[in-house]
Amino acid sequence: VPMSCDVLFGKGFPIRNHVGNKKFRALIADCQKSYEKAKRGEKIILAQAIVDTLIESSGMFLKPDGDVWFPVENDVARTKVSDAFRTLRMDQRKSVETTPKK
């Protein structure tokens, strides 16, 4: 059973609304400026630091297999972090593009 500090893989309202995923997105937003300024190798290190931070706070990155949740490997978790940074960047660009100009 996923705990409140776990990050869940998947789509849809229940996954997006999970407490751990909300905390994860907040952490990504807090670190975004550093990530955008970083070079490629530094981005990997930052993504790993976020994975480590979540794991140290008793969280896990979990993927469903039927009704059972399994922890993913470190590189899969790090890829999810990097994807979250890119998704946030795209969402912010869309927001700027759709904002009416005064």
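Okay, let's start with asparagine 21, which touches Asp6, Val7, Leu8, Ile15 and Arg16 once you skip residues up to four places away in sequence; contact here means heavy atoms within 4.5 Å. Asparagine 21 lies in helix α2 and is buried, at 5% relative accessible area. For the cut-offs, buried is under 20% relative accessible area, exposed is over 50%, and partly exposed is in between, with a 1.4 Å probe and protein chains only.

Quick housekeeping. This is a predicted model, where local features need pLDDT of at least 70, side-chain atom pairs count only at pLDDT 80 or more, and totals for chains, interfaces and linings use all residues. Numbering runs from 1 along each chain as its sequence is written, and side-chain values use heavy atoms, with hydrogens and water left out.

Now the overall layout. The chain has four helices and three strands, in the order β-α-α-α-β-β-α. Those are DSSP runs numbered from the N terminus: H or I with at least four residues for helices, E with at least two for strands. Of the 102 residues, 30% count as buried. And if you take contacts between residues at least 6 apart in sequence, 58% of them join residues at least 24 apart.

On to the largest pocket. How much space lies in it? About 450 Å³. Grid points are joined across faces, edges and corners, and the volume is the space filled by probe spheres set on the points.

The largest pocket is lined by 16 residues, with Arg16, Arg25, Lys80, Ala84 and Thr87 nearest its centre. Helix α4 gives the most to that lining, six residues, while α1 (13-16), α2 (19-37) and α4 each supply at least two. By type, the lining splits into six nonpolar, four polar and six charged. Here nonpolar covers Ala, Val, Leu, Ile, Met, Phe, Trp, Tyr, Cys and Pro, charged covers Asp, Glu, Lys and Arg, and the others, Gly among them, are polar.

Let's zoom in on lysine 80, which sits in helix α4 (residues 74-98). Lysine 80 is buried yet has no salt bridge, and the nearest side chain of opposite charge, aspartate 83, is 7.3 Å away. Lys and Arg count as positive and Asp and Glu as negative, with His and the chain ends not counted. Beyond its neighbours within four places in sequence, lysine 80 contacts Val7, Leu8, Phe9, Phe24 and Phe61.

Aspartate 83 forms a salt bridge with arginine 86, with the closest N and O atoms 2.3 Å apart. Those two are three residues apart in α4, about one helical turn.

Serine 58 sits in the loop between α3 (40-56) and β2 (61-65), and is exposed at 57% relative accessibility.

Key. Salt bridge = Lys/Arg side-chain N within 4 Å of Asp/Glu carboxyl O. 1 Å grid on protein atoms, 1.4 Å probe; cavity = no way out; pocket = protein on both sides within 12 Å on 5 of 7 lines; lining within 4 Å.
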